[in-house]
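Hello,

Here is the structure you asked about. My notes follow below it.

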Amino acid sequence: MAMGFLGFALFLFLSLDLDQGSTSSASAASSSSTSQNVEITYGTVLKLMHEKTKFRLHSHDVPYGSGSGQQSVTGFPNVDDSNSYWIVRPEPDTSAKQGDTIPSGTIIRLQHMRTRKWLHSHLHASPISGNLEVSCFGGESESDTGDYWRLIIEGSGKTWKQDQKIRLQHVDTGGYLHSHDKKYARIAGGQQEVRMEKYSNINII
């Protein structure tokens, strides 16, 4: 079955950059003999990379010109871009705290590090494909259920670690985070569309 990083028919990779300041590229992380033991916890800062195209999940303070008009989310090609960092946060009003491990099935949020908005989806159409739009929304004190993503770990792993395949399912719509090689010409020239689809698979490297 073909799968993907924001949706249907692709695979995603997560490249980690931890709070402690270590910045390992995807290739360096995957070659490490200890990478399978690296726990992803609340507060971890990471990058998500689409396996097929090698573009990273990215946002910046540029609104969509259609749909919701919220802050746009795209796939970005450069490794060292500062707008591709995301912070793993818990669902509000739970007992989870920074440093806790994250079991499969947990609802999480991803906060864009630069703008502090939340990875979000809803029933607006995405600009290129017409699938469900993925945006950034809200802020430190503003978040709703459109920011909730269910972590699904593939295989035998019970908690989120590096070198695991995962899926991120949007709670409100039931869709999965996905991308493809269709690129924008205007709002983010050369960057590719991120959207929601029915099935998606992500791998952490």
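**What turned up**

Lysine 54 is partly exposed, with a relative accessible area of 42%. Here, buried means under 20% relative accessible area, exposed means over 50%, and partly exposed lies in between (1.4 Å probe, protein chains only). Lysine 54 sits in the loop between β4 (45-50) and β5 (56-63). Its phi is positive, about 65°, although lysine 54 is not a glycine. Most residues other than glycine have a negative phi.

This is a predicted model: local features need pLDDT of at least 70, side-chain atom pairs count only at pLDDT 80 or more, and totals for chains, interfaces and linings use all residues. Residues are numbered from 1 along each chain as its sequence is written, and side-chain values use heavy atoms, with hydrogens and water left out.

Aspartate 93 also has a positive phi, near 60°. Aspartate 93 is in the loop between β7 (86-90) and β8 (107-112). It is exposed, at 83% relative accessible area.

Isoleucine 166 is buried, at 0% relative accessibility. Its place is strand β12 (residues 165-170). From its C-alpha to that of glycine 155, eleven residues apart along the chain, the separation is 8.8 Å.

Now the whole protein. It has one helix and 15 strands. Both are DSSP runs numbered from the N terminus: helices are H or I, at least four residues, and strands are E, at least two. Of its 205 residues, 52% count as buried. Take contacts (heavy atoms within 4.5 Å) between residues at least 6 apart in sequence: 65% join residues at least 24 apart.

Best wishes
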